[in-house]
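Here are a few notes to read alongside the model.

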Amino acid sequence: MIYEIVILAMIAAFLGMRLYSVLGRRAEHEEEPIPTRFDKGKQAAPHAAAPVQRQNAPLPRPAGVVPAVERGVQEIAAADRYFDLTAFLEGAKGAYAMVLEAFWKGDRETLRELCDDDVYAGFDAAIAAREEAGETLDNRLIRIEDATIHSASLDGGRARIAVKFVSDIAAVTRDSEGNMIAGSLDDAIVSRDVWTFSRMVDSPGPDWLLDETDEG
């Protein structure tokens, strides 16, 4: 009798370990992060972990999103099962910092990577004019005070989310000899910008591009 109990216990333990192994592998697969272009924002600003695929549970009410744009956010979330608003906003902050730094330094390669054709053309023209005048920018992003969703929409499979940034920036323009000709590094100015990011929700890659810039 004792021998049979021991055998049954060993069988139960074996089945338990098999079940744990299967569930464990499934959990590891489901929790594998999805890489995004905004992950590069880790170098410039904090960035939340990439979201995992959601199940069919309803999306919770987004914090800080006014009712007027909540519908757009919900439509994007319904069409893109990997979309997470908190992670998106953190990534947008990183992209905001990266684009500003690239523009100030004249880094066309980074701008080309993060912007669509129209926005890149505008940045490129401004950099070219600055280079022709022999001027350089010695600007610094002091802090991002706030970043909130300004609008959100889904049209023909293209998701567009506009983010309003309120930031403190110290801006200085120097001539070809390095002399300060405008601005001050001691007095930061408040900048209000509305930047719109977009992507096709059925795109094989989850990359968002900056496709519009406006003053807020």
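How many helices and strands does the protein chain have?

1. The protein chain has 5 helices and 5 strands; these are DSSP runs (helices H or I, at least four residues; strands E, at least two), numbered from the N terminus. Starting at the N terminus, their order is α-α-α-α-α-β-β-β-β-β.

2. Please keep in mind that this is a predicted model, where local features need pLDDT of at least 70, side-chain atom pairs count only at pLDDT 80 or more, and totals for chains, interfaces and linings use all residues. Residues are numbered from 1 along each chain as its sequence is written, and side-chain values use heavy atoms, with hydrogens and water left out.

3. On confidence, pLDDT is the predictor's score for each residue, from 0 to 100. Its mean over the protein chain is 78, with 69% of residues at 70 or more. The pLDDT is below 50 over residues 2-58, a stretch with 56 contacts in the model beyond near neighbours in sequence (contact means heavy atoms within 4.5 Å). Where pLDDT is low, the predicted coordinates should not be read in detail.

4. Of the 216 residues in the protein chain, 33% count as buried (under 20% relative accessible area; exposed is over 50%, partly exposed in between; 1.4 Å probe, protein chains only).

5. A local spot to look at is Ser203, in the loop between β4 (180-200) and β5 (209-215). Ser203 counts as partly exposed because its relative accessibility is 30%.
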